[in-house]
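Keep the structure open while reading.

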Amino acid sequence: MDPTPATSPDAPRPGPLFPWMRLDPSLQFLLMIGLAAVLALLSWAFADSRTPQAMHLGLMAGLAGFAATAIGAAPALGLRSLGQRGSDVLLGFGAGMMLAASSFSLIVPGLAAGEDLTGSRSLGAAVVVTGMALGVWLMMMLDAMTPHEHEHCGSCGPETRMGRVWLFVNAIALHNLPEGMAMGVSFSQADMAVGLPLSTAIAIQDIPEGLAVAVALRAVGMSPLKAVGIAALSGFMEPLGALIGVGLSSSFALFYPGGLGLAAGAMIFVVSHEVIPETHRNGHEKAATLGLMAGFMVMMVLDTTLG
């Protein structure tokens, strides 16, 4: 019996599932954005024609996330690296905001909407829980099928020609898609009380993400302008995801509470599976945890004030 565990980082990963995985890394990245754009256009085409305001608000929220990513990346024009402690605190702060947003801006209104639609608290909760399970499944499938990089466990997904930095860029772009969908779903009823605090939280935590991507690209010798441009482009998945979220939620009544649950499940999975392990691997557990608690409390205040 082979003593090497199946999960060993030295174990060979499966070969490419699709021909696009053999392409140049930058082309793979652009193709992933292109596929998301096609899904967004289809969602726009099949969306309920009675919801132009929801489409507009969802798209504006997604573009705000895109802009926040670009703003976060901009300091990399003159900055080559981040202190590890500071990076862990910032990521922890973002994780805390996402946990609070998932709870107060997604799950709570999802439960209320589910009860209104089904006439039952239990059935409404079942709709939200089903959505959360689908969100976790979606992120697990993306994690398994798309080549990307986790700092705490190395390369994940199928084998590819991509280098570590491009795998990291892919991971951030993948995270931005469900975040954009969450924005879209939260605005699918054109309800500012639900959509505004959630979108604000996502946009705030996009700033350190954009900086992390840009600095990683600069660290491998990429020019400052190109590094910032690619980091900003990774945030373009958010307006595309927002259109997908609005389109699906406005087409099927039960997808609104289910979609809120899906977005919450996806974001909680990302926080637990990737962000928290990343912030705790360098000996800054206490500082990262304090950052997480600060982010959670800030998001509670935003939700109370803006919601």
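The model is predicted. Helix α6, residues 192–219, packs with helix α3 and also with helix α2. Two packed helices are described by the angle between their axes and the distance between the axes.

**Helices α3 and α6**

- Helix α3 spans residues 84–118, and its axis comes within 9 Å of the axis of α6.
- The two axes cross at roughly 165°.
- An angle over 145 degrees counts as roughly antiparallel, so α3 and α6 are roughly antiparallel to each other.
- Their crossing is left-handed.
- On the α3 side, the contact is made by L90, F93, G94, M97, M98, A101, S105, L106 and P109.
- On the α6 side, the partners are V194, P197, L198, A201, I202, I204, Q205 and P208.
- By class, this contact holds 14 nonpolar residues, three polar ones and no charged ones.

**Helices α2 and α6**

- Helix α2 covers residues 52–73, and its axis lies 6 Å from that of α6.
- The packing angle is about 25°.
- Angles under 35 degrees count as roughly parallel, so α2 is roughly parallel to α6.
- The crossing of α2 and α6 is right-handed.
- From α2, the residues in contact are L57, A61, A64, G65, A68, T69, G72 and A73.
- From α6, they meet M192, S199, A203, D206, I207, G210, L211 and A214.
- Ten nonpolar, five polar and one charged residues make up this contact.

**T69, a side chain in α2**

- T69 lies in helix α2.
- Its relative accessible area is 2%, so T69 is buried.
- The T69 side chain reaches the backbone oxygen of G65 at 3.0 Å.
- Beyond residues up to four places away in sequence, T69 touches D206, G210, A231, A232, S234 and G235.
- Of these, D206 and G210 are among the α6 residues that meet α2.

**S186, a side chain in α5**

- S186 is found in helix α5, which runs over residues 164–186.
- With a relative accessible area of 0%, S186 is buried.
- A polar atom of the S186 side chain lies 2.7 Å from the backbone oxygen of M183.
- Leaving aside neighbours within four places in sequence, S186 contacts D191, V194, G195, L198, S199, Y256 and L260.
- V194 and L198 are also among the α6 residues that meet α3, and S199 is one of those that meet α2.

Methods. Residues are numbered from 1 along each chain as its sequence is written. This is a predicted model: local features need pLDDT of at least 70, side-chain atom pairs count only at pLDDT 80 or more; totals for chains, interfaces and linings use all residues. Side-chain values use heavy atoms; hydrogens and water are left out. Axes are lines fitted to C-alpha atoms, for helices over the stretch in contact, and angles run from 0 to 180 degrees between N-to-C directions. Helices (H or I, at least four residues) and strands (E, at least two) are DSSP runs, numbered from the N terminus. Angles under 35 degrees count as roughly parallel, over 145 as roughly antiparallel, 65 to 115 as roughly perpendicular and the rest as oblique. A crossing is left-handed if the near helix is turned anticlockwise from the far one by less than a right angle, and right-handed if clockwise. Contact means heavy atoms within 4.5 Å. Ala, Val, Leu, Ile, Met, Phe, Trp, Tyr, Cys and Pro count as nonpolar, Asp, Glu, Lys and Arg as charged, and the others, Gly among them, as polar. Buried means under 20% relative accessible area, exposed over 50%, partly exposed in between (1.4 Å probe, protein chains only). A polar contact is a pair of N or O atoms within 3.5 Å; within protein, one must be able to donate a hydrogen and the other to accept it, and residues adjacent in sequence count only if both atoms are side-chain atoms.
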